[in-house]
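Subject: Structure for you to look at

Hello,

Here is the structure I promised. Please open it alongside this note; my findings follow below.

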Amino acid sequence: MIGLRRRAPRTSDDRVVHLVAGRCLDYPDAELVAAVPGMRQALTEQDDPLAASGLTSLLAHLGSGTLADLQRTYVDTFDLSRKHALYLSYWTDGDTRRRGEVLGRFKTAYRSSGAVVDTHGELPDYLPMVLEFAALVDADAGRAILQEYRASLELLRIALQEKQSAYAGAVVAVCATLPGESPPDRAAVMEMVGMTGPHPTEAVGLEPYDPRLLPLQPVSSGAASGAPS
């Protein structure tokens, strides 16, 4: 996959969930299909039924059909639609100039944890990469990143559920490893993080008022109290 070197042995069951979810959210290949039985077996040993059930359903999807069909479905879901972006800072910063600084912070987090990173051409905020980091390198730092980008995860989850995609199960599983319940809709996601305003600035190649895109912006005191602007 992406080539993160393990720093320490796993200490939490969440690492199994993160590793399986990350692998399943990566582009499907023959190696992934061959690994499905082993991943399914690993999930049977987990105590979190919510995480296990969503991933089990996705593994059933990945274990059926031809590899060509799986790859077409993946491309249709993630590569041909911005609504299902797997890049965490894309949801919060869009294609803006400040996103470069944000991506640099991801790289710094990896290096600070002693990871030797080979991104294989992916950006460092690629969700499967973050999940592999959390599973195999530094659980605490990885969880902190996932929690910081909880809004991105929840918006991705909602978009995949609306599409009725099997891949939603992986994001549901990841969110289940984080504190608190998942919000039921986009408005609740914004409220959860105290943010609003889906209008990216300095956007490149984006629809400027696409409600599926962010960055999120702080709620003003007037807006929060219902006062007119």
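**The enclosed helix α7**

Helix α7 is largely enclosed by the rest of the structure, because 10 of its 10 residues are buried. Please bear in mind that this is a predicted model. The buried residues of α7 are L127, P128, M129, V130, L131, E132, F133, A134, A135 and L136. What covers them? The cover includes α1, α5, α6 (99–112), α8 (139–148), α9 and α10 (168–176).

**The nonpolar core**

The largest nonpolar core holds 54 residues. Within this core, L25 and L127 touch the most other members. Helix α7 (residues 127–136) gives the most to the core, with seven residues. In soluble globular proteins, nonpolar side chains tend to be buried together.

Take a look at L25. Setting aside residues up to four places away in sequence, L25 touches Y74, F78, L86, Y126, L127, P128, L131, Y167, A170 and V171. Among those partners are L127, P128 and L131, which are buried residues of α7.

Start with E154. It sits in helix α9 (residues 150–162). Is E154 buried or exposed? E154 has 0% relative accessibility, so it counts as buried. Leaving aside neighbours within four places in sequence, E154 is in contact with C175, S182, P183, V189 and M192.

Next comes S89, in helix α5 (residues 88–93). S89 counts as buried because its relative accessibility is 0%. Not counting residues up to four places away in sequence, S89 touches G94, R99, V102, L103, F106, D125 and Y149.

**How α1 meets α2**

Two packed helices are described by the angle between their axes and the distance between the axes. For helix α1 (residues 14–24) and helix α2 (residues 30–44), the axes come within 11 Å and cross at roughly 155°. Angles over 145 degrees count as roughly antiparallel, so α1 is roughly antiparallel to α2. The crossing of α1 past α2 is left-handed.

Which residues make the contact? From α1 they are V16, V20, R23 and C24. From α2 they are E31, L32, M39, A42 and L43. Seven residues of this contact are nonpolar, two are charged and none is polar.

Best wishes

Definitions and conventions: Residues are numbered from 1 along each chain as its sequence is written. This is a predicted model: local features need pLDDT of at least 70, side-chain atom pairs count only at pLDDT 80 or more; totals for chains, interfaces and linings use all residues. Side-chain values use heavy atoms; hydrogens and water are left out. A nonpolar core is a set of buried Ala, Val, Leu, Ile, Met, Phe, Trp, Tyr and Cys residues joined through side-chain atoms within 4.5 Å. Buried means under 20% relative accessible area, exposed over 50%, partly exposed in between (1.4 Å probe, protein chains only). Helices (H or I, at least four residues) and strands (E, at least two) are DSSP runs, numbered from the N terminus. Contact means heavy atoms within 4.5 Å. Axes are lines fitted to C-alpha atoms, for helices over the stretch in contact, and angles run from 0 to 180 degrees between N-to-C directions. Angles under 35 degrees count as roughly parallel, over 145 as roughly antiparallel, 65 to 115 as roughly perpendicular and the rest as oblique. A crossing is left-handed if the near helix is turned anticlockwise from the far one by less than a right angle, and right-handed if clockwise. Ala, Val, Leu, Ile, Met, Phe, Trp, Tyr, Cys and Pro count as nonpolar, Asp, Glu, Lys and Arg as charged, and the others, Gly among them, as polar.
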